[in-house]
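I opened the model to look up its domains, sheets and helix packing. My entries are kept in the order in which I worked.

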Amino acid sequence: MKIPFINRIRTGGDEPGPECGPATDTPALWIHPEQLTKLPPCQMHCPNSGDIRGWLGIIAQREKTGLSLEEAFERAWLRLVEFNPMPATIGRICPHPCETDCTRGDKDGAVSINAMERFLGDWAVERDLRFPPAPEPSHPESIGVIGSGPAGLSFTYHMARRGYRVTIYDRQAAPGGMLRYGIPSYRLPVGTLDREVRRILDLGVELRLDSDVGAGLSLETLRERHAVIFLGIGAQKARGLGVPGETGPGVYSGIEYLRARKEGEPVELGATTAVIGGGNTAIDAARMARRDGAEVVLVYRRTREEMPAIEAETEDALIEGVSFELLAAPTQIIRADGKVSAIEIQRMSLGEPDASGRRRPVPVEGDLCRLDVDSVIVAVSQEPDIDEDGGFPDIHGWIETGEDGRIGPGLWAGGDDRGLGIASLAVSHGRHAAEAAHAELRGLPAPGSQLPRTPARPGVKPDFYEGHLATSPPRRPEDTWLAEPDREITETLTPEEAAYEAERCLSCGLCIGCDQCWMYCNAGGFVRLNQVGPGSYYAYLSDICEGCGKCIEVCPTGYLSPRAEGG
Amino acid sequence: MRGIRRRAASGWTDLARPDGHSLQDGSRIAVIGGGPAGSMFSYFLLNMAESIDLDLNIDIYEPRHFRHRGPAGCNHCGGIVSESLLQRLATEGIHLPSHVVQRGMESYTLHMDVGTVQLSAPGLEKRIAAVYRGNGPRESEPTELISFDGYLQQMAGERGARLIHRMATGLERTADHVTIRCADGHSDTYELAVVATGINSHFVDLLCGPMVPIRRPEKTTTFICEFHLGRPLIEEILGDSMHVFLLDIPGLEFAALIPKGDFVTLCMLGDEIDDALIEHFFAAEEFRQCFPGGVVPPRACHCLPRINVSTARYPFDDRIVLIGDSGTTRLFKDGLGAAYRTAKAAARTVAFHGVSARDFEQYYWPLCRAIDVDNRIGKFVFSVSGLIQKMRFTRRAVFRMTATEQAGDSARKRMSEVLWDIFSGSAPYREILGRTLHPVYIGSLLWNLVAGNLQPPRQQAPRAESRGH
């Protein structure tokens, strides 16, 4: 009897089969989830590591947590100011690196985080919201802050909220530092800044204006007066070009020009002005000069690609009619009858990358030309304006500190005096220095990073969310920009737009209570919590879990991730 | 059916209007769940509505994407479709392209401790095919593969149904409307809610009891996993054959290995499959010997889906109907066939009769009841086959009878046909039972009982000999 038994079982070893992976005799690994908060790209890229996802989530998930829109805005603002005490200010001027890698970016546009920050800042300013009061009792140590720019204000705020008495010294007649004197009104109205500074001062801070440390007031005196000194003196000294004709009438530094304009002092630019430099001060000065009615040529020795200025600001400068003279380096400023008449320009080309990674400009032999101008604004770079007679400890140029801003016992620094950066970085310096100084004063362990370690990005599933285009903050018509020179160009989102924009946040790496893990878990491994809030909606029951891993796959935020074996 | 009538007399009459609830031009229908039942229902209903010049709007709520790989984008089943279902779908205008059907099965191979025998399909119409219910296993290479579910959903979309990418979590009903609520706060109102969520989400738990007086189907746990072996090796060791394991493992009804592309799907069906049972099966010689070197490869993907073991009581109410697994399905197999039948019957009821409980009772319930009754017979069939599995001498008889049939030329292969139908779902259990009661079948089985056990078992090398050439 012929029976067609199959006998096709391989005995193995005779030829290598396609990969089967490592052999195992027992059922392979189960996949168990872990509720793990991850680091979202916005927070990763924010110089101040703001909990952006956290404050957006309060607004986006307000219905799930039973908040009205107004309550949600207020709570979101409170969360936001845990990191940054001046959201209306920073929300206007920050180049928002937080948005560059937003997971939503590839889908339908990054969440307009900066516009949201500004909205919440304005919301709080309009309603005159106050910071929560400092805890009682307050600490005995007195704190001195030199400079009332973003770093000094941030340090002040974070110390004052911890219960310290703070005195700020500033050599100017009004607080704010570069925020007040370096940023034109069309980007940051003085009123907005004033109200946010006022709120910080209202924490019981003493402000001593016209107090120039170095001239008349020595650092040693201050150190005797205060247990901790924070240097937030910025970089207020303009660097020169080092070319003939640089000193004398008709040549101004960028910060000098911007400060004069902010203080209402007239500056004689003539019909045409050349702005030298490619950074934010140069662009601000160029745009301001357009508002003064001058024809403006921006002279920069590299190309637009290497310009350190905020790209959007550069775009706006072009819209306003600033013309660019790129790959051009001034070699001398020429005067006729004691007045600036022209600059001589050396043509450049790009060579090998320099230490900054940007390609180094190299002169093109013999290629010189002349540009007829009536004035020159030099905005190539700045450095700390330190008077060595004032008792500053061996500081020449930039201040060297530890990562948390510590120079030495009781002495801290932050902001541009540690190296040029954006305002948000200065705010971050102030915050970190305050945390560290507080720990030192109270004998607490040094504050480590509070940030989640695992990046959120790989686990986020943008497909699971509905598509909604980003809201761009409204701007007034271009033809009115120069006509109303001091009026802000960008406007604030409406509450409806702000709510919509917050709801676009994917909450990368943190639970939003979408219910999917619960819905698809056959075993019933997720139990909804009685008290819910962003990041906290479900308890996971590991002993019920069957290890299929479906929840990890449906979790849109990537909050659920595979638990490491043995964990 | 006295119970159902009594309910109709009290509860439903309150809601029912003299003209009943029927759909009008512009009526809106929510289909909750975009798997095969929901998609086929939408497709059929839109076709039927068009034939009577009725303009309907259908929204299908499905938060998941069947283009995602792994269990989240999958509908958790072995993925066997019968040739007869494929042909029926074709008559409906749904022609499954070849890249949706992974592999046609020419035979299945029965593995028992007493030996292994290959059964060819008893007829062309009884052939089966393997499909993916999602876009392939977790961590598989992205392919152009289109899942069965994804394809049907696309057909429904092309036919005019609107796919809503939200997760429904609530349902409220008034006399005239059903409101669907979603997890993200979205809600919308319809004239009819069609529940096609299956039973592998908690929607039916949310719905049945708390929201409507329906008792959901009872369920049991099964196990499905995928092994990556690669096409050439699968060709070599498994071929175009579904491998069925009938082993004496308590709690396990049967297990099947289904080759698909580069992967092999393993399904274990029984009563509450758990870790211990899976481990027991994975250690079984009969299973291990299917793989090179007798070593089971690591699993690429796995899940523990639930299957129905009973029918919802009753799978409808005013303006609500439960189709596919949410309502009822065939015991252990042919779930896709049952989804087709319930979807079509529900669509017909909705299009031509109405959406009240009475309409569903009259035109939809008879089908569900027939499936339910057949499942009860099926349970009996499985309890008998379970008995046979438990005793070595009966296993030997079944094995001998099948092997003899497969070797011979006789037109009637009674045992082979019975086995084929049990494991492929090609015939109702009632029909299978009828055939096993045939005197020739019984006589033959008895003869094989004697013949198969006359010689003492050859303990030394039974495998090698029984597999001999």
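The entries below go through conventions, then chain A, then chain B.

**Conventions.** I am working from a predicted model, in which local features need pLDDT of at least 70 and side-chain atom pairs count only at pLDDT 80 or more, while totals for chains, interfaces and linings use all residues. Residues are numbered from 1 along each chain as its sequence is written, and chains are lettered from A and ligands numbered from 1 in the order in which they are written.

**Chain A, domains.** I looked up the division of chain A and found domain 1 (42-130 + 465-501), domain 2 (142-236 + 400-442) and domain 3 (247-376). These bounds come from an automatic or database domain assignment. I then took the C-alpha centres of domain 1 and domain 2 of chain A, which lie 25 Å apart. Their contact takes 23 residues from domain 1 of chain A and 23 residues from domain 2 of chain A; two residues are in contact if their C-beta atoms, placed from the backbone, lie within 7 Å.

On the side of domain 1 of chain A that touches domain 2 of chain A, α5 (87-93) and α7 (113-126) of chain A each supply at least two residues. The most comes from α5(A), with five residues. Helices (H or I, at least four residues) and strands (E, at least two) are DSSP runs, numbered from the N terminus. By class I get 13 nonpolar, five polar and five charged residues on that side of domain 1 of chain A. Ala, Val, Leu, Ile, Met, Phe, Trp, Tyr, Cys and Pro count as nonpolar, Asp, Glu, Lys and Arg as charged, and the others, Gly among them, as polar.

**Chain A, sheet.** I traced an open sheet of six strands in chain A with mixed pairing, in the order β4-β3-β2-β5-β17-β16. Two strands pair if DSSP finds at least two bridges between them. The edge strands are β4 (206-208) and β16 (406-408) of chain A, each pairing on one side only. From one strand to the next the twist averages 20°. Axes are lines fitted to C-alpha atoms, for helices over the stretch in contact, and angles run from 0 to 180 degrees between N-to-C directions.

Inside this sheet I checked β2 (residues 142-146) and β3 (residues 165-169) of chain A, which pair in the parallel sense over five bridges. A:Val145 has A:Ile168 in β3(A) as its bridge partner. Helix α15 (residues 423-442) of chain A packs on the sheet and touches β5 (228-231), β16 and β17 (411-413) of chain A, with its direction at about 165° to that of β5(A).

**Chain A, one backbone check.** Phi of A:Leu327 is near 50°, a positive value in a residue other than glycine. I placed A:Leu327 in the loop between β10 (323-326) and β11 (328-336) of chain A.

**Chain B, overall.** I counted 16 helices and 21 strands in chain B. Its radius of gyration is 23 Å, close to the 23 Å that the globule rule gives for 469 residues, so chain B is as compact as a globular protein of that length. The radius is taken over C-alpha atoms, and the rule is 2.2 Å times the number of residues to the power 0.38. Along the principal axes, the C-alpha atoms of chain B fill a box of roughly 75 × 50 × 40 Å.

**Chain B, domains.** The assignment gives domain 1 (2-79 + 147-217 + 308-375), domain 2 (103-130 + 220-307) and domain 3 (380-454) of chain B. The C-alpha centres of domain 1 and domain 2 of chain B lie 32 Å apart. Their contact takes 11 residues from domain 1 of chain B and 15 residues from domain 2 of chain B.

**Chain B, sheet.** I traced an open sheet of seven strands with mixed pairing, in the order β6-β5-β15-β16-β17-β14-β18 of chain B. β16 (residues 252-260) and β17 (residues 263-270) of chain B run antiparallel and are joined by eight bridges. B:Leu257 has B:Leu266 in β17(B) as its bridge partner.

**Chain B, cis bond.** I found the peptide bond from B:Arg313 to B:Tyr314 to be cis, with omega near -10°. B:Tyr314 sits in the loop between β19 (306-308) and β20 (316-317) of chain B.
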